[in-house]
Amino acid sequence: MPELPEVETTRKGITPKANKQTITDFIVRNPQLRWPIDLSLSNKLPGLVIQSIDRRGKYLLLKTKAGTLLIHLGMSGNLRILPKETALLKHDHVDIGLANGFVVRLNDPRRFGAVLWHDAKEGDISNHKLIGKLGPEPLSDDFNGEYLYQKSRHRKVAIKSFVMNSHIVVGAGNIYANESLFMSKIHPQKPASKLTKKQCTLLAENIKKVLAAAIEQGGTTLKDFLSPDGKPGYFVQKLNVYDQAGKPCTVCGTTIERMILNQRASYFCPNCQKKKRTQSS
């Protein structure tokens, strides 16, 4: 699934050719995504200017004077910026045509993505039901060790599940949660409430580091993810524990282990990430 770094890579990739452009047409070839696409957008969007292209969590926000188009890439989607005459591929479901001759094209094989409209009459995009309850952006000042410490008090849930909760912080997906916990020497099953303030500070810092590094390198290479220029991400070359079960730890040489936690694969070093490890606060 494309996570925050992949979505941010997509945002950066389409912005140079799509931002400030007038939408000339909106073509829907298959409206049956996670939620059905409003087909009236084919009449509403032409003539509107894309004023900005932002991101909130894993949602891309194409803002116009009349409202905001929310795009989610789902499990396997990608957005490409292409000349309009580019031949269609299988699963190319939506085109946003632009006055400069380019098109923003959504390809989504599994159709778990979404293209939704938030009318300006309904208020700021932060009021949208999918946006309003999201936690802070992980690379913002609002997300820090003190915030993580306060939110984790009295929470018995495993720390990996806790940081993957988008109501706590957005964007710490499975790959990046595994990597951040390894860098922080915290076992993924450790109850969130048992973390010390020092551990929370270290974990928040490492979540920022691992996400920033992934964004800088264009996201992580997944089976389906391609950046808008068609290139894969390269962060996979830097992974220490994710999908490394059976291989030696890059720090101590102990064999990396895999377990299922909250229905997601978790990878850890049983030596570096001891379950009973303690730190002073």
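Is aspartate 108 buried or exposed, and how far away is the nearest side chain of opposite charge?

Modeller: This is a predicted model, so local features need pLDDT of at least 70 and side-chain atom pairs count only at pLDDT 80 or more, while totals for chains, interfaces and linings use all residues. Residues are numbered from 1 along each chain as its sequence is written, and side-chain values use heavy atoms, with hydrogens and water left out.

Aspartate 108 is buried (under 20% relative accessible area; exposed is over 50%, partly exposed is in between; 1.4 Å probe, protein chains only). For charge, Lys and Arg count as positive and Asp and Glu as negative; His and the chain ends are not counted.

Where does aspartate 108 sit? In the loop between β7 (102-107) and β8 (114-119). Helices (H or I, at least four residues) and strands (E, at least two) are DSSP runs, numbered from the N terminus.

What does the side chain of aspartate 108 reach? The backbone nitrogen of phenylalanine 112, at 3.3 Å. That is a polar contact: N or O atoms within 3.5 Å, where within protein one must be able to donate a hydrogen and the other to accept it, and residues adjacent in sequence count only if both atoms are side-chain atoms. Residues up to four places away in sequence aside, aspartate 108 touches Leu33, Leu73, Ser76, Gly77, His91, His93 and Gly113. Contact here means heavy atoms within 4.5 Å.

Aspartate 92 and arginine 80 meet in a salt bridge, at 2.5 Å from N to O. Arginine 80 lies in strand β5 (residues 78-83) and aspartate 92 in strand β6 (residues 92-98), so the pair ties together parts 12 residues apart in sequence. Both residues are buried.

There are 12 salt bridges in the structure. Another one joins lysine 63 to aspartate 54, with the closest N and O atoms 3.4 Å apart. Here lysine 63 is partly exposed, at 24% relative accessible area. Aspartate 54 is partly exposed too, at 27%.

Next, the helix α3. Lysine 197 forms a salt bridge with glutamate 146, the closest N and O atoms being 3.5 Å apart. Lysine 197 is in helix α6 and glutamate 146 in helix α3, so this pair ties together parts 51 residues apart in sequence. Lysine 197 is partly exposed at 33%, and glutamate 146 is partly exposed at 37%. Elsewhere, salt bridges that share partners join Glu8, Arg11, Arg55, Arg56 and Glu137 into one network.

Glutamate 146 also takes part in a cap. Asparagine 144 caps the N-terminal end of α3, with a side-chain oxygen 3.2 Å from the backbone nitrogen of glutamate 146. Just after α3, histidine 154 takes a positive phi of about 65 degrees.

Which residues of α3 (residues 145-152) are buried? Gly145, Tyr147, Leu148 and Ser152. They are on the same side of α3, because they cover an arc of only 160 degrees around the axis. The arc is that of the directions from the helix axis to the C-beta atoms. The cover over these buried residues includes α4 (159-163) and α6 (197-216).

Leucine 148 is buried, at 1% relative accessible area. The C-alpha atoms of leucine 148 and leucine 203 are separated by 8.7 Å, though the two are 55 residues apart along the chain.

The structure holds 2 aromatic pairs. Phenylalanine 143 and tyrosine 147 form an edge-to-face pair, 6.1 Å centre to centre with 70 degrees between the planes. Rings of Phe, Tyr and Trp (its six-membered ring) pair if their centres lie within 6.5 Å; planes under 30 degrees apart count as stacked, over 60 as edge-to-face and the rest as tilted. Phenylalanine 143 is buried at 0%, and tyrosine 147 is buried at 19%. Tyrosine 242 and tyrosine 267 form an edge-to-face pair, at 5.3 Å and 70 degrees.

Technical notes. Salt bridge = Lys/Arg side-chain N within 4 Å of Asp/Glu carboxyl O.
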